[in-house]
Amino acid sequence: MKAVWYDKQGPAREVFNYGDLPTPEAGLGEVRIKLEASGVNPSDTYRRAGTIDPMEYPRVIANSDGAGFVDQVGSGAKRFKIGDRVWLYNGQRNGRAFGTAAEYIALDENLVTPLPDNVSFAAGATLGVPGMTAWICLFHAGPIDGQTVLVTGGAGAVGHYAIQLAKWGGARVITTVSTPQKAKIAQAGGADLVIDYKREDVVARVVSFSPKCVGWIVEVDCGGNISITEKMLARFSTIAVYASKGDLAPKVTVRMLSGKNATIYFMQLPLTPMALQRKAQAGMAEWLTGGRRIHMVAAQFALKETAEAHLAVEAGTKLGTVVVDCAR
């Protein structure tokens with residue numbers, strides 16, 4: 001099969017190789033997927049660059065998310081049949097060196113979810129880490145119906161799904177963005193209030209819109225935002241943190257947080273208990289069948305152009321998920 005891999009960490013154009021590797025076979029409890037699209041997440045670029053984690057395996061096929069159709073079912077796998085359209089996540093994580101920048105991938109069927117016929121493979125490749133992360137941040141502790149939810153970074157890949165999922169879950173949604181263009185994206189996703197945090201007083205806008213403040217926060221920048229986050233929390237509120245672009249060792253005001261009986265929930269999708277991952281898959285599947293959904297594909301590249309796809313993510317200007325077309 002054709003694939004893109006690296007044998008050492010470093011800049012994309014220097015370490016990526018494009019060529020032929022053995023086509024995997026579906027093992028016990030696995031399905032093999034003929035990949036049509038591969039989604040590139042920021043974490044995929046960090047792993048390839050070596051900015052966070054050291055090289056885990058002698059050889060790595062890049063990227064974690066993808067979509068395609070099942071073309072082989074391994075022994076003991078029962079959830080899918082040949083020909084099923086699917087999306088997947090965590091393809092290159094937790095013991096799996098070979099990800100989705102390839103024509104085929106074989107992995108545990110529990111990491112695979114049906115893809116509706118009305119969702120393209122490119123759109124399906126945007127669902128994995130962003131959609132699952134958004135669902136878990138919102139629903140890990142139960143329903144959010146009637147809550148006021150703040151989604152920071154509402155035009156980002158996770159944030160945009162979080163807005164749509166929160167509205168589907170019955171919440172009022174406030175979101176923060178940094179440009180007028182991103183504000184339009186957040187509004188299209190269904191946000192009830194969009195705040196430009198570079199030009200507006202976030203706390204004042206939130207309190208004016210929701211005098212009792214917010215009961216739920218989906219947080220893209222814990223360290224950068226914690227000083228104002230503490231001022232917007234309702235009693236018995238939850239901050240669900242999936243990233244921190246600012247201070248990686250932030251200070252919190254214990255008395256203020258304990259006075260609100262606040263919970264801070266930190267999560268990484270690969271380390272989330274499988275029972276909760278399965279709930280998230282089921283929730284995402286239900287949400288996808290509920291009507292029109294917005295899937296933001298920022299750009300598309302051919303498989304042999306995976307290095308350029310990674311550079312597009314690293315540029316930091318994308319709106320949505322960068323997708324690699326595995327079939328070309």
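This is a predicted model: local features need pLDDT of at least 70, side-chain atom pairs count only at pLDDT 80 or more; totals for chains, interfaces and linings use all residues.

Next, burial. Of the 328 residues, 55% count as buried, taking buried as under 20% relative accessible area.

Then charges. I find 35 positive and 30 negative side chains, and the centres of those two sets sit 6 Å apart.

Overall dimensions: the C-alpha trace spans about 60 × 40 × 35 Å along its principal axes. I also checked the radius of gyration, which is 20 Å; a compact globule of 328 residues would have one near 20 Å, so the two agree.

For the fold, I noted 11 helices and 16 strands. I looked up contacts too: among those between residues at least 6 apart in sequence, 70% join residues at least 24 apart.

The helix I picked is H5, residues 157-168. How far does H5 reach from its first C-alpha to its last? I get 17 Å for its 12 residues, close to the 16 Å expected at 1.5 Å a residue.

Is H5 mostly covered or mostly uncovered? Mostly covered, as 10 of its 12 residues are buried. I jotted down the buried set: Ala 157, Val 158, Gly 159, His 160, Tyr 161, Ala 162, Ile 163, Gln 164, Leu 165 and Ala 166.

Last check, the stretch following the helix. Just after H5, Gly 170 takes a positive phi of about 90°.

Methods: Residues are numbered from 1 along each chain as its sequence is written. Side-chain values use heavy atoms; hydrogens and water are left out. Helices (H or I, at least four residues) and strands (E, at least two) are DSSP runs, numbered from the N terminus. The radius of gyration is taken over C-alpha atoms; the globule rule is 2.2 Å times the number of residues to the power 0.38. Buried means under 20% relative accessible area, exposed over 50%, partly exposed in between (1.4 Å probe, protein chains only). Contact means heavy atoms within 4.5 Å. Lys and Arg count as positive and Asp and Glu as negative; His and the chain ends are not counted. The place of a charge is taken as NZ of Lys, CZ of Arg, CG of Asp or CD of Glu. The expected span of a helix is 1.5 Å times one less than its number of residues.
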